[in-house]
Amino acid sequence: MSSKHVILCGGATLSARGGDWKQIAPVSLAIGDGVHDVHLHLHDLTKSMSENPSDVATDLLEIAAFVYAADQAVRRGGKSEFEYGSKWRRHFWIELPVRQPQFWADEKIQGPLREVLTFLSDDDFEFHFTKLKKPQKLDSYLDFRTGGVDSSGIEDVMLFSGGLDSFGGAVKEIADGKRKIALVSHQPTTKVGAPQRKLVEALNKHLGGTAPAPFHVQIELNKGKALGREYTQRTRSFVYACLAAVVARMLGKNRIRFYENGIVSFNLPLSMQSLGARASRTTHPQTLAGFGKLFTAIFDRPFTVENPFLWKTKTDIVRELKTGGFGKLCAATISCAHTWERTNQHTHCGTCSQCVDRRMVALAAEMGPEEDPPEMYEADLLEHAWTKPEDCTLVERYVGTNKEFAALKTPTEFLSKYGDVAKALRHAGNDPKTIAQSAFDLHRRHAEQVNHALVRVIQTRAQGLLNNKVPTNSLLGIAIGLVGNAPVVAAASTNAQSPAAAAAAPLANQTHYGKPTADAGTFTFYYGYGSCFLGNSVEFRLAERLAKSPGVFIGIGKLMEDVWDGRTVQKNTIAKTACNLRRKLKDATVTGITIDGGEKDHYRIQAS
Amino acid sequence: MEAAQRGLEAAKADEGLAHAVYLLAHVTIAARDESTFIQQLAELGLQVPANPNVYDLVGAMSDAMDRHLRDTRSRTDFGEMAQLAAVEALSALTGPKSENLWESDAAPVRQAVRDLSTKEGFAGLTHDFFSRFMQRYLTYHLSRELSQHVGPNQRFRDPSEHSEFLERLGVHTRQAALIVRDYAGGWYSKSKYETGISKPSARKFAAYSLTKLRDELKIRGARDVV
């Protein structure tokens, strides 16, 4: 169930195709500088890095560029609901000329390529590689630096987005580890590129020569305006990884590192609609393991892709930055996803998921106004009135899910509520049991940090809350359930348009039974919020009799009279009926009540 | 409600749902013989080490589902829900039994899974699986809607009440899924010994289960609303 799309790259023509594909109008893509083209430039390399470029590395750069462009050129079908993913998922047939078609057609390469792309994007990919007739030289994509830091002695390559996490990673590598590092930045727009450069300069200035200056490579890969249609860009980390891997190989390295906090890497969905890759998997452990497998196959040597921050929360990272004296530099990092809308005054929108998380973490880590200036956010996280449905869901579930995490007690309970965790168990470099425990600890710690921050903020804003100066549909209002003047209504039951509302309608109107109740009209037993349909059975009659006198022991003689219509039955029959009743109540999750046979030849129903 | 019912009709033919039921049935059957347990799991596409614990098993189950759905190009939202429900059900029913025992001992998870290979055991596993599947299915339709009803003048006073509602929805689907439990054990025992559990039979069983569940939810909805 997915929509089919044909992508013709670099002047490719249709190869032999059958079936449905013939009916599909192709999308043509080319690398160039026009509004219909994919733009690819690697800036600030050194001449020595490009001395022996391999055809495979150049092919990989172009494949990454075309995948990235195809991902954006073809829409997923909008936000239509209840189509069960048929519009979200796409099936690509990609015709792509390369320098080494036989190499890329080999299943040893294609298998890992399809695997990681499908996991990242939820899309199916079929690649058809043909011989490139007029191959571009690698140099045509490169700009060389004329001074500054040289590329000798580089120890490692890491991705550097200019956000808080990658800044934390750069500090760890450069300032703490005293290592010379290549920072590889993807620069989709100049609005992103300039702050990245400024941050590196600020870090160098702060270090004052006490640590090796990093070698910063910015790679401009974007698409012409006419191509951009789909905003989700689920393959973006494939592009980042390919760019960094090519730079790593130019430097003779066999490893790249992403630095991203574990909560974002796991990215457990906040909403049940966020199935599959709708919750992005940019640095998910399975994604990074997939990149490692792919690059190992491509470069024919062990190649690893790591995230050293997998078991850290963002709050942990920020606290370490503060402790190391880098707190004020955090103000120059940019986390906002809506970069194209930002201004010099407001570098962050304050409403995207990245901004919500960053601001909450800033509060959890007790960042001061010089470290995370509140004015750089266009919307104040705590008191902004949320109106868009998807924004409300984001904020409300951010708070709600963290409360749920905090209540979890064991790793198996975590796994039995958040099955997505299982997708990481065999891909995070350790045994599954250790990974499950670590993931459980990570999410619990994050929840405690966020919840603690919320409590502190509520305390500091108590006056405003008391005076009704905080909007009820703000994060603070939602979190503490501010009560307005109007009466509370059962909204879920009044929404006639919602398709599943009717199925769940009993819950919206669900009655709480303080006493055990047996309804002879429906042969159903009720207690608390639970109910158990027993049918016209002896178990129902036993429940009905016992419920008449809750807490009072009834002798088996009386039970024979009332339940078995005066017939004499074996004690064992009564015991078995009581046992069946207990099992049925348990299966129906009617809790807080027991069928007590603790007194000889007597039974009672008792709140437990 | 119509859309949700149409969705359930579509789910009946879903490869992911059928494969999840097929794997759950065969994983339990594999656990009956200690000497061939690992090998039988491998034949199902579940690669586990020599002494698997619950985490090895559910990690392998999740990966096997992913691989199968990718290779057959049959990934859907139903399949994702089924995959998650299967992993969660296995974790919930085998995890607590093996969590406190020595991790180096192979017996805990195999024995815990073996307990699910009886008529009653499989009935319980199927009940848990379909409860979770239906809870996910209903919440899938409701989730965006529900967050709009948190706050003053709303159904839920705060996110905790929303979470409690989701818990109650779980109770609701668990009660409804008893209808599946009633015949799942019988289907398992009969199929296992008479014809073997094939993919088509697992698909048929899953489809029948959805029909029963849909009808049960309809009855419960009507009864409780009235």
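In which handedness of crossing does H9(A) pass H10(A)? The crossing is right-handed, a crossing being right-handed if the near helix is turned clockwise from the far one by less than a right angle and left-handed if anticlockwise. Helices here are DSSP runs of H or I with at least four residues, strands are runs of E with at least two, and both are numbered from the N terminus.

A word on the model before going further. This is a predicted model, in which local features need pLDDT of at least 70 and side-chain atom pairs count only at pLDDT 80 or more, while totals for chains, interfaces and linings use all residues. Residues are numbered from 1 along each chain as its sequence is written, with chains lettered from A and ligands numbered from 1 in the order in which they are written.

Chain A as a whole comes next. Chain A carries 20 helices and 17 strands, and its C-alpha trace spans about 100 × 65 × 45 Å along the principal axes. Of the 608 residues in chain A, 48% are buried, where buried asks for 20 or more other C-beta atoms within 10 Å of a residue's own, exposed for 12 or fewer, and partly exposed for anything in between, with C-beta atoms placed from the backbone.

H9 covers residues 314–323 of chain A and H10 covers residues 353–364, and their axes come within 9 Å and cross at roughly 55°. Axes are lines fitted to C-alpha atoms, for helices over the stretch in contact, and angles run from 0 to 180 degrees between N-to-C directions. H9(A) and H10(A) are therefore oblique to each other, given that under 35 degrees counts as roughly parallel, over 145 as roughly antiparallel, 65 to 115 as roughly perpendicular and the rest as oblique. On the H9(A) side the meeting residues are Lys314(A), Thr315(A) and Val318(A), and on the H10(A) side they are Asp357(A), Val361(A) and Ala364(A). That contact splits into three nonpolar, one polar and two charged residues. The classes are nonpolar for Ala, Val, Leu, Ile, Met, Phe, Trp, Tyr, Cys and Pro, charged for Asp, Glu, Lys and Arg, and polar for the others, Gly among them.

The loop between H9 and H10 of chain A holds Thr343(A). With 8 C-beta neighbours inside 10 Å, Thr343(A) is exposed. Thr343(A) and Arg445(A) sit 102 residues apart in sequence and 34 Å apart in space, C-alpha to C-alpha.

The crossing of H1(A) past H6(A) is left-handed. Residues of H1(A) in this contact include Leu60(A), Leu61(A) and Val67(A), and those of H6(A) include Phe238(A), Val239(A) and Leu243(A). The tally by class is eleven nonpolar, no polar and two charged residues. H1(A) is itself mostly covered, with 17 of its 19 residues buried.

H4(A), residues 164–176, is largely enclosed by the rest of the structure, since eleven of its 13 residues are buried. The buried residues of H4(A) pack against S7 (156–159), S8 (181–186), H5 (190–207), S10 (255–257), H9 and H10 of chain A. Just after H4(A), Lys178(A) adopts a positive phi of about 55°.

Gln187(A) is located in the loop between S8 and H5 of chain A. Gln187(A) is buried, having 21 other C-beta atoms within 10 Å. Beyond its neighbours within four places in sequence, the contacts of Gln187(A) include Val192(A), Gln196(A) and Glu220(A).

Two further backbone angles deserve a mention. Most residues other than glycine have a negative phi. Asp300(A), not a glycine, has a positive phi of about 55° and lies in the loop between H8 (285–299) and S11 (304–306) of chain A. Asp300(A) is exposed, with 10 C-beta neighbours inside 10 Å. In chain B, Arg73(B) has a positive phi near 50° and lies in the loop between H4 (54–71) and H5 (77–99) of that chain. Arg73(B) is partly exposed, with 14 other C-beta atoms within 10 Å.

Notes. Two residues are in contact if their C-beta atoms, placed from the backbone, lie within 7 Å.
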